[in-house]
Amino acid sequence: MTGLCIENLSYSYGRKQALDSAGFDVAPGAFCALLGPNGAGKSTLFALLTRLLVADGGRIGIGGFDLQADRGRALGQIGVVFQQPTLDLDLTVRRNLIYFAALHGIGGRDADRRAMAALERLGMAERAGERARDLNGGHRRRTEIARALVHDPRVLLLDEPTVGLDAASRAAITEHAHALARDAGLTVLWATHLTDEVRPDDRLVILHKGQVLSDGIASDLTGDRPLSEVFLGMTDAAP
Ligand SMILES: Nc1ncnc2c1ncn2[C@@H]1O[C@H](COP(=O)(O)OP(=O)(O)OP(=O)(O)O)[C@@H](O)[C@H]1O
């Protein structure tokens, strides 16, 4: 298994249990939507996957490596886009990527080549010389996704990457994330609380109160009903 493997994962903040034996797999090269209302445990899961937090129990495998036993290699397999934007707004788009590549020990022409290739994938190559500050929100997000790809990860984690964006930017970013799985073979985990970002043929994991409520193809879960209605019924949360 070289995708993402999450088994019986638990985590508590003091007495507040944020994840409760949550588990699911994402096959290599697959796109998986992780849908949960606010407070479901999505960000906690991302913090555990990136080792910002250490699980109380359970197991995580990333790109074929166990996060506990083989931390360095497991973490080297992932690219992450966190909920909060983290671009340096005073640097150009290209510099943001090159700086990040250096953190992974990649420099010189190799860094430049990788940066431009990643920007190309996200349709941002023409903006490489612009300051991040001058980009709109959607283009900043695309730059962050490109930046997460410079070290050639196998697994891409996106934590609510469309928050605060307009409909057109959201659609473009959703499509880019699908294309990265479909065309580039990345394993993609896309966390969202918005049902309209889930496509009928997406693999869909629904997380609620730290537990996996449902895991399968979205249209198999919904049948003829809209996902918003099904999701509301399962979680009692606004769509
Ligand atoms: N630092 C913390 N201390 C205490 N409780 C926390 C902390 N961070 C999160 N929680 C709680 O853990 C639970 C899961 O939160 P988490 O942020 O992982 O959910 P989420 O699905 O990412 O929600 P959101 O979309 O609002 O970020 C929630 O009940 C939240 O209040």
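In this report, Ala, Val, Leu, Ile, Met, Phe, Trp, Tyr, Cys and Pro count as nonpolar, Asp, Glu, Lys and Arg as charged, and the others, Gly among them, as polar. The structure described is a predicted model.

**Ligand shell**

The residues surrounding the ligand are Tyr13, Lys16, Ala18, Gly36, Asn38, Gly39, Ala40, Gly41, Lys42, Ser43, Thr44 and His193. Two or more residues of this shell come from each of strand E2 (16–26) and helix H1 (42–49). The greatest contribution is that of H1, which supplies three residues. By class, the shell around the ligand comprises three nonpolar, seven polar and two charged residues.

**Domain record**

The unreviewed UniProt entry lists residues 4–234 as "domain: ABC transporter".

**Helix H6**

Helix H6 (residues 167–182) contains 16 residues, and at 1.5 Å a residue it should span 22 Å. Its end C-alpha atoms are 22 Å apart, in agreement with that expectation. The buried residues of H6 are Arg170, Ile173, Thr174, His176, Ala177, Leu180 and Ala181. Because these residues cover an arc of only 160 degrees around the axis, they lie on the same side of H6. The face turned away from that buried side carries the exposed residues Ala167 and Ala168.

What do the buried residues of H6 pack against? Their partners are strand E3 (31–35), helix H5 (137–147), strand E7 (155–159) and strand E8 (187–192).

**Two individual positions**

Ala111 belongs to helix H4 (residues 108–121). A residue is buried if 20 or more other C-beta atoms lie within 10 Å of its own; Ala111 has 21 such neighbours inside 10 Å and therefore counts as buried. Apart from neighbours within four places in sequence, Ala111 is in contact with Ile98, Ala101, Ala102 and Ile106.

Gly64 lies in the loop between strand E4 (57–62) and strand E5 (65–66). Is Gly64 buried or partly exposed? With 15 other C-beta atoms within 10 Å, Gly64 is partly exposed.

For each of these two positions, the table gives a separation along the chain and a C-alpha to C-alpha distance.

| Pair | Separation along the chain | C-alpha to C-alpha distance |
|---|---|---|
| Ala111 and Tyr99 | 12 residues | 8.7 Å |
| Gly64 and Gly3 | 61 residues | 6.7 Å |

Conventions
Residues numbered from 1 in each chain as written. Predicted model: local features only at pLDDT ≥ 70, side-chain atom pairs only at ≥ 80, totals over all residues. Near = placed C-beta within 6 Å. Helix = DSSP H or I, 4+ residues; strand = E, 2+ residues; numbered from the N terminus. Expected span 1.5 Å × (residues − 1). Buried ≥ 20, exposed ≤ 12 C-beta atoms within 10 Å, placed from the backbone. Arc of directions from axis to C-beta. Contact = placed C-beta atoms within 7 Å. UniProt positions renumbered as here; feature names shortened; annotations may be inferred.
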